[in-house]
Amino acid sequence: MELNWLELNGYRCYANLHFEPAPGVNVLVGNNGTGKTSVLEAIAYLGLLRSFRGIPDESIVSTEAESAVLRGEFSVPSGSVRVEVEIAQDGRRAILLNGKRPKRNRDVLAQVPVVVFHPDDLDVVKRGPSLRRGYLDDLAAQLRPQAAADQAEYDRALRQRNALLRQEGRSADRATLDAWDARVTEAGARVFVHRLRVLDVLDEHLGEAYRLVGASGRLAWEYISNWGAAAADDLAAAEAKLSRALAARRDRDLDQRTTTTGPHRDDPMLVVDGRPARTMASQGEQRTIAVSLRVGAYRVLAQERPTLPILLLDDVFSELDPRRARGVLDLFGGGQVFVTTARDDDVPVDGRRWVVEGGVVR
Amino acid sequence: MFEPPVQRLIDELARLPGIGQKSAQRLAFHILNVDEVDATRLADAIVEMRRDVRLCSRCFNVTADEECSICRDLRRDPAMICAVERAQDIPVLEKTHEFNGRYHVLGGAISPIAGIGPDQLRVAELVNRVEAESVEEVIVATNPTMEGDTTALYLARLLKPLGVTVTRLASGLPVGGDLDYADEITLGRALVGRQEL
Ligand SMILES: [Zn+2]
């Protein structure tokens, strides 16, 4: 898949941008704060329908504009796909797919596979479980749009259940709580099963990616949950376990006024030769694992989709030595790549150079 | 800003849902330009509706009488109740001509985030009716949202021990939508194909 052109209006520092990248490698060179990451963010937004910087939509609207408009056309084997997003100052947005409103926004997620790679990726390895859950859930949503719907449903059911517990505590109406337990169970089991599918397809690619980046040892996941979830579970088994766990922990939940068990509390741990990467791996090993996670995601998407994903590398080369840096790009297929860097010399690869400055890319 | 009497109407109109400043201006100038009788008729309609309309003492539909016309209609089957979130949902379901029982307006759906539990809805009133009116079936026609579905589940568990059949509109309704937006054919099919909860 390739981005043919990108148009931005009222988006961050871009009043009007029309950008026609090259099919292969595109290197965006500019000082910090010139808006090169914003270009990557915009491309990723058209595929993921959210900012990879993890910020609310309204903050990407330029303060001078009433709304931000992001438009892009992508070429695919069957022709082309056009995605357009308008975000108003109050955060409301409208999405068009090939000029028409999609039935569901998640239909767009299936259209434009992108893999984003940025320095904060190290946190996925180093920090708490939420970023690792996010990594698996995001990949699940890119593989199956239904996963995005199930994740949203689980979030909402959980927020409703937690609101009831927070407001009422021990005096919560048990029949109402029963009804929310049923919703949390249904959606939660589906979220978990989507994660299992991702872990399954990822396993081989992740191991291979880890070897390719020159590391030794076996990188794998170990999925920890406090509700007895296991890799062999099907949907019915997961539902039964989650339902039992919610019942068993109800007293504790009523006291703590929140939901203390379920997929939102799981810890998908990364382990190297059985050692937890979060605590036992060196900084260098952790960096290698972070790279492997993105390479693994890229390869899974490349395998499951008729077209190669678009690869977005945000300022990752400054952290790698030149030999490593050259090696990293070889790990990905020959698809379209966007690289940002403050120093051209840091990117030891051929490709179209673009200078980013003052809201212009040329 | 326009002269005070004009601006006052614009401000009032702009407070209505779905009406922005631009539409409010257009409506105000339209009212200014029509015959005075027409403008008076509009103003009277608003005043009279507010003065005369109240809630049906049985089903909480809007009515000008003690009970609404559906509850007073002897040809309707009192053994069937269709529970809806809002009174506006009733005419939508009526247009399908597939339902011949009575209604019950719950006043919303269970949503702890919005501070709405069974006590904030007319659930106790529904239970009373099921017992007092020898009801055999309750069709839960809450919106196909997570909150609407959860309310349906809650009502099913609450009402079944009373010996009543509880059904839900068959799927086919757009998920996350309002009954308002479902067309008559879809809604009619949903009524005929309703499923027991
Ligand atoms: Zn009535």
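**Entry 1**

I call a residue buried if 20 or more other C-beta atoms lie within 10 Å of its own, exposed if 12 or fewer, and partly exposed in between, with C-beta atoms placed from the backbone. I am working on a predicted model, where local features need pLDDT of at least 70, side-chain atom pairs count only at pLDDT 80 or more, and totals for chains, interfaces and linings use all residues. Residues are numbered from 1 along each chain as its sequence is written, and chains are lettered from A and ligands numbered from 1 in the order in which they are written.

I looked up A:Gln89. With 14 other C-beta atoms within 10 Å, A:Gln89 is therefore partly exposed. A:Gln89 sits in the loop between strands S5 (79-88) and S6 (93-97) of chain A. Helices (H or I, at least four residues) and strands (E, at least two) are DSSP runs, numbered from the N terminus. Leaving out residues up to four places away in sequence, A:Gln89 touches A:Glu58, A:Val61, A:Glu66 and A:Ser67. Contact means C-beta atoms, placed from the backbone, within 7 Å. I also checked A:Glu222: 133 residues from A:Gln89 in sequence, it lies 42 Å away in space, C-alpha to C-alpha.

**Entry 2: H4 and H6 of chain A**

I took the pair H4 (129-143) and H6 (174-212) of chain A. Their axes are 9 Å apart and cross at about 85°. So H4(A) is roughly perpendicular to H6(A) (65 to 115 degrees; axes are lines fitted to C-alpha atoms over the stretch in contact, and angles run from 0 to 180 degrees between N-to-C directions). H4(A) brings A:Leu136, A:Asp137, A:Leu139, A:Ala140 and A:Leu143; H6(A) brings A:His194, A:Arg195, A:Arg197 and A:Val198.

**Entry 3: H7 of chain B**

I tested the length of H7(B), residues 146-159. Its 14 residues should span 20 Å at 1.5 Å a residue, and the end C-alpha atoms are 20 Å apart, so the two agree. The expected span is 1.5 Å times one less than the number of residues. Eleven of the 14 residues are buried, among them B:Met146, B:Tyr154 and B:Leu159. The buried residues pack against H5 (145-168) and H6 of chain A, plus S3 (77-84), H6 (123-132), S5 (137-140) and S6 (165-168) of chain B.

**Entry 4: domains of chain A**

I noted domain 1 (1-113 + 310-362) and domain 2 (122-304). These bounds come from an automatic or database domain assignment. The C-alpha centres of the two domains lie 28 Å apart. Eleven residues of domain 1 and 14 residues of domain 2 make the contact. H2 (106-109) gives the most to the domain 1 side, with three residues.

Conventions. Two residues are in contact if their C-beta atoms, placed from the backbone, lie within 7 Å. Angles under 35 degrees count as roughly parallel, over 145 as roughly antiparallel, 65 to 115 as roughly perpendicular and the rest as oblique.
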